[in-house]
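Here is a short report on one protein chain. It starts with a side-chain pairing and then widens to the whole chain.

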Amino acid sequence: MTASDKPTGMTDTGLVAPETALSTALSQVVHEAVRASLRESLRTELRDELSAQLADVARKQRRRASLYAAAGVTALYAGAAAALTLGLVLALGLPGWAAALIVTALLAVAAVLLRNAARPTRPGAQAHTSRPEVAAPAAPGTGHAPAAPGTGSAPAAPGTGSTASAPGTDDFPAVPPKPPVTPDVPSQRTR
């Protein structure tokens with residue numbers, strides 16, 4: 001083996017020369033430091049760019065929201081002016097208090113209609129009651145339970161096993177059976 005065949009930094013004994021090992025370690029440290037510095041500067045640049053974009057979007061949304069609020073206030077005043085105009089027109093043929101009462105009633109009806117239009121409803125849903133109805137137990141020998149009070153459906157003929165609006169269908173959800181009533185037994189404390 002000649003001197004030109006040896007890899008760079010190798011001695012005749014096959015070991016790496018100390019200068020080469022130091023140079024390799026130093027280049028690795030510099031490489032890692034440059035990589036960490038680039039990574040940190042990239043993070044900083046991305047963070048600054050994203051915060052600038054988010055601030056711009058937030059500024060545009062604040063402006064849009066303030067314009068919507070101003071439009072709402074203006075529409076409120078326009079509605080009040082329209083109500084006043086309607087009241088004055090009605091006051092031409094009626095006493096002032098009657099005209100004001102009619103305008104008030106019309107505005108109340110409009111408010112109720114708008115509230116009802118805003119409520120989410122299910123198709124075929126009945127009005128919500130404060131207390132759920134419980135289905136009565138099955139009549140002996142019929143094989144089906146009678147209709148719950150207030151549903152308006154009557155049981156079918158005995159032996160058919162179906163009703164006009166049977167519990168558990170899409171129109172009427174099934175009502176769980178009432179649990180049996182057990183007498184309250186006071187618990188005994190153990191000492």
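## A salt-bridge network

Aspartate 56 and arginine 59 join their side chains in a salt bridge, at 2.4 Å from N to O. The term salt bridge stands for a side-chain nitrogen of Lys or Arg within 4 Å of a carboxyl oxygen of Asp or Glu. The model is predicted: local features need pLDDT of at least 70, side-chain atom pairs count only at pLDDT 80 or more, and totals for chains, interfaces and linings use all residues. Residues are numbered from 1 along each chain as its sequence is written, and side-chain values use heavy atoms, with hydrogens and water left out.

## Spacing and exposure

Aspartate 56 and arginine 59 sit three residues apart in helix α1, so about one helical turn separates them. Lysine 60 and aspartate 56 are four residues apart in helix α1, again about one turn. An α-helix has 3.6 residues a turn, so residues three or four places apart point the same way. Helices here are DSSP runs (H or I, at least four residues), as are strands (E, at least two), and they are numbered from the N terminus.

How exposed are these side chains? Aspartate 56 is partly exposed, with a relative accessible area of 29%. Arginine 59 is partly exposed at 46%. Lysine 60 is partly exposed at 48%. Buried means under 20% relative accessible area, exposed over 50%, and partly exposed in between (1.4 Å probe, protein chains only).

## Another bridge in α1

The structure holds three salt bridges. One of them pairs the side chains of glutamate 32 and arginine 35, at 4.0 Å from N to O. Both residues lie in helix α1, three residues apart, about one turn of the helix. Glutamate 32 is partly exposed at 45% relative accessibility. Arginine 35 is partly exposed at 40%.

## A nonpolar patch

Which residues form a nonpolar patch on the surface? Leu26, Val30, Val34 and Leu38 do, with about 370 Å² of accessible area together. Patches take residues with over 30% relative accessible area and no salt bridge; like charges are joined within 9 Å, and nonpolar side chains (Val, Leu, Ile, Met, Phe, Trp, Tyr) within 5 Å. Valine 34 is found in helix α1, which covers residues 18–91. Valine 34 is partly exposed, with a relative accessible area of 45%.

## Helix α2

Helix α2 covers residues 96–118 and has 23 residues. From first C-alpha to last it reaches 33 Å, close to the 33 Å expected at 1.5 Å a residue. The expected span is 1.5 Å times one less than the number of residues. Its buried residues are Ala98, Ala99 and Val103. The buried residues of α2 pack against α1.

## The whole chain

The protein chain has two helices and zero strands. Of its 191 residues, 6% count as buried. Among contacts (heavy atoms within 4.5 Å) with a separation of 6 or more, residues 24 or more positions apart account for 13%.

The accessible surface comes to about 16,400 Å², of which 64% belongs to carbon and sulfur atoms. Accessible areas come from the Shrake-Rupley method with a 1.4 Å probe; for residues, only the protein chains shown count as cover.
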